[in-house]
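Visitor: I am new to this structure. Could you show me how to read its features, one by one?

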Amino acid sequence: MAENGAPKVVGPKVVGQSFWLQRGIELRSGAVTSRIATAKSLTTGIAWFWSAYTAVAVVGVSISTRQFTATQSFLLALPAVLLLAAYGAALWSQSHVQVEFMPNSPSSVERAHDEIARRLGRRLVGAALLSAAAVLSVAVAIIVTAISTPAETPVVPKLTGMILRREGEEPRLLLSGTAGPDADVRVEVSNGEGIPPKIVSVPSDKKGAWVLEMPAPGKGPWTVNATWTSGKTETRLRAAPVN
């Protein structure tokens with residue numbers, strides 16, 4: 001405060017030679033520390049992308065429930081290699097740089113400082129390029145997982161049968177089972193009493209399921225066989241005697 005009680009007016013600071021000399025000192029002294037700080041930020045970012053790589057189901061459950069080609073498998077595995085390489089490069093960017101200098105010679109110290117800054121800068125550029133490639137590969141892996149085809153659930157062959165008895169009607173057989181998708185199932189029913197077996201063809205749906213209701217020939221118990229072909233493989237099932 002001034003003696004008469006009025007506020008003291010501070011004059012404007014002039015940006016002059018002393019100001020820029022001070023800025024030069026700050027920039028020169030931060031040439032090394034800023035590179036190390038940037039490298040530490042890279043390691044943090046890489047660790048986050050590693051979490052994203054594993055948490056977004058690129059690896060883990062999604063791999064076991066989807067089908068991948070050789071190229072897709074390569075694209076899924078690539079981020080792990082690049083992320084590890086980028087993390088190692090970022091750590092290297094923070095490591096000690098061995099430079100010889102004379103502590104009692106300002107010019108020697110200056111040259112050593114500049115050399116350390118240059119080496120750290122080159123290391124940081126390499127780490128940044130690897131990090132960018134790793135981030136891009138993670139994005140590609142996520143896209144590959146999203147557009148990949150879900151693995152088909154193996155169809156377990158099955159054949160069951162039961163008797164339907166309605167008042168005033170002859171017994172009927174209700175047969176059901178699971179075969180290959182869109183298969184032509186050949187169902188053969190016989191009762192072992194010399195009556196020729198009854199043969200019926202029934203198609204299965206896209207999930208392999210089929211159902212058939214038919215008259216029961218003769219008297220029970222009835223033997224039921226189901227046969228179908230998937231590719232070059234023929235499957236034949238026999239149900240327990242139906243009675």
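The dialogue below goes from the whole chain to single residues.

Guide: One caution to begin with. This is a predicted model.

Visitor: Then let me start with the outline. How many helices and strands are there in the chain?

Guide: The chain has 4 helices and 9 strands. Along the sequence, the pattern reads α-α-β-α-α-β-β-β-β-β-β-β-β.

Visitor: What share of the residues count as buried?

Guide: Of the 243 residues, 29% count as buried. The chain exposes about 15900 Å². Carbon and sulfur atoms supply 62% of that area.

Visitor: And what do the contacts say about sequence distance?

Guide: Take the contacts between residues at least 6 apart in sequence. Of these, 64% join residues at least 24 apart.

Visitor: Now the strands. How should I read a sheet?

Guide: Begin with the general idea. Side chains in a regular strand alternate between the two faces of the sheet. Then look at which strands pair. Strand 3 (residues 158–164) and strand 4 (residues 172–178) run antiparallel, joined by 7 bridges. Strand 4 also pairs with strand 7 (residues 209–215), in the antiparallel sense and over 7 bridges.

Visitor: Which residue of strand 4 is the bridge partner of leucine 159?

Guide: Glycine 177 is that partner. Glycine 177 also stands opposite tryptophan 210 in strand 7. Follow those residues and you cross from strand to strand.

Visitor: Next, charges. How do I read a salt bridge?

Guide: Side chains of opposite charge can pair when their charged atoms come close. The count here comes to 2 salt bridges. In one of them, glutamate 213 meets arginine 172, at 3.0 Å from N to O.

Visitor: Which parts does the pair of glutamate 213 and arginine 172 tie together?

Guide: Glutamate 213 lies in strand 7 and arginine 172 in strand 4, so the pair ties together parts 41 residues apart in sequence. Glutamate 213 is partly exposed, at 36% relative accessible area. Arginine 172 is partly exposed too, at 25%.

Visitor: Which residue forms a salt bridge with arginine 186?

Guide: Glutamate 188 does, with the closest N and O atoms 3.6 Å apart. Arginine 186 is partly exposed, with a relative accessible area of 37%. Glutamate 188 has 18% relative accessibility. Buried means under 20%, so glutamate 188 counts as buried.

Visitor: What about aromatic rings?

Guide: Two values describe a pair of rings: the distance of the centres and the angle of the planes. A search of the whole structure finds 1 aromatic pair. Tryptophan 48 and phenylalanine 49 form it, with 5.0 Å from centre to centre and 85° between the planes. That pair is edge-to-face. Tryptophan 48 is exposed, at 55% relative accessible area. Phenylalanine 49 is partly exposed, at 25%.

Visitor: And how do I read a core?

Guide: In soluble globular proteins, nonpolar side chains tend to be buried together. Here the largest nonpolar core has 20 residues. Those that touch the most other members include Leu173, Val187, Trp210 and Val224.

Visitor: Which elements give two or more residues to this core?

Guide: They are strand 3, strand 4, strand 5 (184–190), strand 7 and strand 8 (223–230). A second, separate core has 17 residues, including Ala39, Ile46, Leu82 and Ala127.

Visitor: Let me look at one residue there. With which residues is valine 189 in contact, beyond its neighbours within four places in sequence?

Guide: Among them are Leu173, Leu175, Met214, Trp222 and Val224.

Visitor: Is serine 137 buried or exposed?

Guide: Serine 137 is buried, at 7% relative accessibility. Serine 137 sits in helix 4 (residues 106–147). Beyond its neighbours within four places, serine 137 is in contact with Leu75, Leu78, Pro79 and Leu82.

Visitor: Now the loops. Where is glutamine 98 found?

Guide: Glutamine 98 is in the loop between helix 3 (70–92) and helix 4. Glutamine 98 counts as exposed, at 64% relative accessibility. Glutamate 115 is 17 residues from glutamine 98 in sequence, and 9.7 Å away in space, C-alpha to C-alpha.

Visitor: Finally, backbone angles. What is phi of aspartate 182 near?

Guide: Phi of aspartate 182 is near 55°, a positive value in a residue other than glycine. Aspartate 182 lies in the loop between strand 4 and strand 5. Aspartate 182 is exposed, with a relative accessible area of 52%.

Technical notes:
Residues are numbered from 1 along each chain as its sequence is written. This is a predicted model: local features need pLDDT of at least 70, side-chain atom pairs count only at pLDDT 80 or more; totals for chains, interfaces and linings use all residues. Side-chain values use heavy atoms; hydrogens and water are left out. Two strands pair if DSSP finds at least two bridges between them. A salt bridge is a side-chain nitrogen of Lys or Arg within 4 Å of a carboxyl oxygen of Asp or Glu. Buried means under 20% relative accessible area, exposed over 50%, partly exposed in between (1.4 Å probe, protein chains only). Rings of Phe, Tyr and Trp (its six-membered ring) pair if their centres lie within 6.5 Å; planes under 30 degrees apart count as stacked, over 60 as edge-to-face and the rest as tilted. A nonpolar core is a set of buried Ala, Val, Leu, Ile, Met, Phe, Trp, Tyr and Cys residues joined through side-chain atoms within 4.5 Å. Contact means heavy atoms within 4.5 Å. Accessible areas come from the Shrake-Rupley method with a 1.4 Å probe; for residues, only the protein chains shown count as cover.
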